[in-house]
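Dear colleague,

I am passing on the structure we spoke about, with the sequence alongside. My notes on what was found follow below it.

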2 protein chains.
Amino acid sequence: MSNIAAAIITIGDELLIGQVIDTNSAWIAKELNKMGIDVLRRVAVGDNKEAILQTLDAELGTASLVIITGGLGPTADDITKPLLNEYFGGNMVVNERVLEHVKSLFAKRNRPFVERNMKQAEVPDTCSILFNKMGTAPGMWFEKNGKVVIALPGVPFEMVSIMEDEALPRIKQQFFSDAIIHRSIITAGEGESFIADKIQDIEEALPAHIKLAYLPGAGMVRLRLTGRGADAVALENELNQWQSLFADRLGKIVVATEDIPIEAAVKKWFIKNQLTLGLAESCTGGYISHLITQFPGASNFFKGCIVCYHPDVKEQILGVHHTTIEKFGVVSEETATEMARGAISALKADYGFGITGLLSTGGESDRVPVGTVWMAVANEQKVKTKVFHFTYDRLRNKEMAMSMALLMIWRFINGIE
Amino acid sequence: MSNIAAAIITIGDELLIGQVIDTNSAWIAKELNKMGIDVLRRVAVGDNKEAILQTLDAELGTASLVIITGGLGPTADDITKPLLNEYFGGNMVVNERVLEHVKSLFAKRNRPFVERNMKQAEVPDTCSILFNKMGTAPGMWFEKNGKVVIALPGVPFEMVSIMEDEALPRIKQQFFSDAIIHRSIITAGEGESFIADKIQDIEEALPAHIKLAYLPGAGMVRLRLTGRGADAVALENELNQWQSLFADRLGKIVVATEDIPIEAAVKKWFIKNQLTLGLAESCTGGYISHLITQFPGASNFFKGCIVCYHPDVKEQILGVHHTTIEKFGVVSEETATEMARGAISALKADYGFGITGLLSTGGESDRVPVGTVWMAVANEQKVKTKVFHFTYDRLRNKEMAMSMALLMIWRFINGIE
């Protein structure tokens, strides 16, 4: 049982000095994986001819498919296209379809078409074009000794569009391989070691073609089963059985048996129960609300959020008592509780959540240590509060507070202490 | 003038199937770069012994410093530690300081210390320990033929903590190199080609030790100058001069002459002018508010945000007229305008911004095409509105709407049409 081996090369100095986080590779890897293609390596190199050539040679040594992103723009630091032209021994020619398209894009955007843009329409005559409807730089498909090299622009939505419309269907056609199927179990509240101990016997009984991986995150551990096999339907049944075994053993700490974030699990519950949620965020500044509205359909249960960054907003819109803030402070159990209740009344929601904290020095409160975050979740009948003391920097504290907030809402609605 | 060459290897199957986006590499690259160390390549490989060894060998062929992250946990899919033990020809021994620390962490978190955790305290006797105060897996520092290999856990905040406290100071001590200094110019509203044409003569006059790179993003292009030299002070002066030349030429499209996001440029303006801002977000769900509060000091100008996901919230808290919504629709110029004005009055702010749109199918409005987003920005005297028609998927539409919103606020306060 052998799969197609692939490699992903991302090009750009910005990746090597850390100014840009590479999201393209993860997206490409996921898509290839769904098709049953193994990504063996992902390599990032700078805008340097020698380094790119050396990497391309090395990856073509083991991979049958190499996908390159980046370095296709019209400016001086983009060198991938001439380099590939040389590598595959061709000549640069103007592609009429691409030229037409580039000109029309410039006209649509009311931009002058300058000499430099002409280059966007030039491609090596050794490749076939992967049309880029979203931008000016076309993708390119090269073949050599039965191996395929695909070059794509680095702008994420252009890359995605070309992959979906052009490259993936053609890759599917070109290669054949076994099915790879994943199953996930999302757990919350216990660590990796605890879980490993709890499921050790089941893990040891797994057949060779099914692998288990632990993906720990803030307050949560995601378990991923990966199975390979020629018969996709049989494999799916087999994986479903193993997934049930693990999930049953782990019991109450299982948040979901699909690869969804906790905000999606929260959404599912509210929609199923036809109830609504409203938030009052201070220190997290709208982050929780942003995540809850990432997926379509949030409007079916989510009323909204009062980001009460200034204390006045807590009082005037959420109805937090001035005396509460004076007596207990902005960051306190009492203020968080009145915020959660205020979210219910101001937003006319069935459930309310309030969060107030001091994520870093320089905040509005000096009555609590840096890192203190109070949360409260409530419905008409009851309220639950919790305090956290985060010890990282501002952004990581915010990240942690957001995770813990979603977890707290999820536990409250599921009646888990 | 030769710099220290480094490579970063990230280990984990999750990176190759795209379930996790690698932020560690960017962070490490940035820190090494600040010290004047060139990252030549970043490589991601799976939890596979052979692949890791082959990659390590290859990178040690060109790099003097290799930093490995991931694969140090206690579970079965983490194989880096035994592999490095073998690679450097050592024996696994229990490190007493680490054991002490691991036990204390478990006690603090009220978790039972199980047999499996004992392994966290075992390290090869060929390395020296990089203490991990944030977690259980210690970092390791190996040396071989004058080259350094550092292995770190993959959990981002643990990796960062070990790098900052232990690894970076030691790297600084071990290696010496030229200074590398960066200068940035952030522009908005024009494309890469337009800018390249406008500054071509200055770019061509750059000396060999100063490079210019274009980093395009949504609606913005970031220019980065990178200079190298033995004399850091002289280099800094030189770079400042070039930066001024470019910025003067680009004129009004320059948002900032430092590497800050647009939300930080907005914050600077409000604090300098001692004015306040309030938001009313519908389709972006709190995303803009989240970004504005990412940095400390937002409380000095940011009053808060009404995330009015449900139409009722628009009316009840922001005072949008029921007849406005009925007549023009939720996604309309009129609703956006009343939202911006409502943000000013409800949040008692000097400036208000309102955004309402339909990011994907299944939203609350069927009166406008998918992708339509109306924005309005206002102060007491005037209001400006704008409509966008985004054509991507939900998440990219949200991303674009957020970028355009911040840009619109920035242009409004700076009096740019």
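Of the contacts in chain A between residues at least 6 apart in sequence, 65% join residues at least 24 apart; please bear in mind throughout that this is a predicted model. Chain A has 417 residues, of which 49% are buried, and its secondary structure comprises 16 helices and 17 strands. The C-alpha trace of chain A spans about 75 × 60 × 35 Å along its principal axes.

Turning to the contact between the chains, 81 residues come from chain A and 81 residues from chain B. On the side of chain B that touches chain A, strand β2 (residues 37-45) gives the most, with seven residues, and the residues of that side divide into 40 nonpolar, 22 polar and 19 charged.

Strand β14 (residues 302-307) of chain A and strand β14 (residues 302-307) of chain B run antiparallel and are joined by three bridges; in this pairing, A:Val307 has B:Cys305 in β14(B) as its bridge partner.

With best regards

Technical notes
Residues are numbered from 1 along each chain as its sequence is written. Chains are lettered from A and ligands numbered from 1 in the order in which they are written. This is a predicted model: local features need pLDDT of at least 70, side-chain atom pairs count only at pLDDT 80 or more; totals for chains, interfaces and linings use all residues. Two residues are in contact if their C-beta atoms, placed from the backbone, lie within 7 Å. Helices (H or I, at least four residues) and strands (E, at least two) are DSSP runs, numbered from the N terminus. Ala, Val, Leu, Ile, Met, Phe, Trp, Tyr, Cys and Pro count as nonpolar, Asp, Glu, Lys and Arg as charged, and the others, Gly among them, as polar. Two strands pair if DSSP finds at least two bridges between them. A residue is buried if 20 or more other C-beta atoms lie within 10 Å of its own, exposed if 12 or fewer, and partly exposed in between; C-beta atoms are placed from the backbone.
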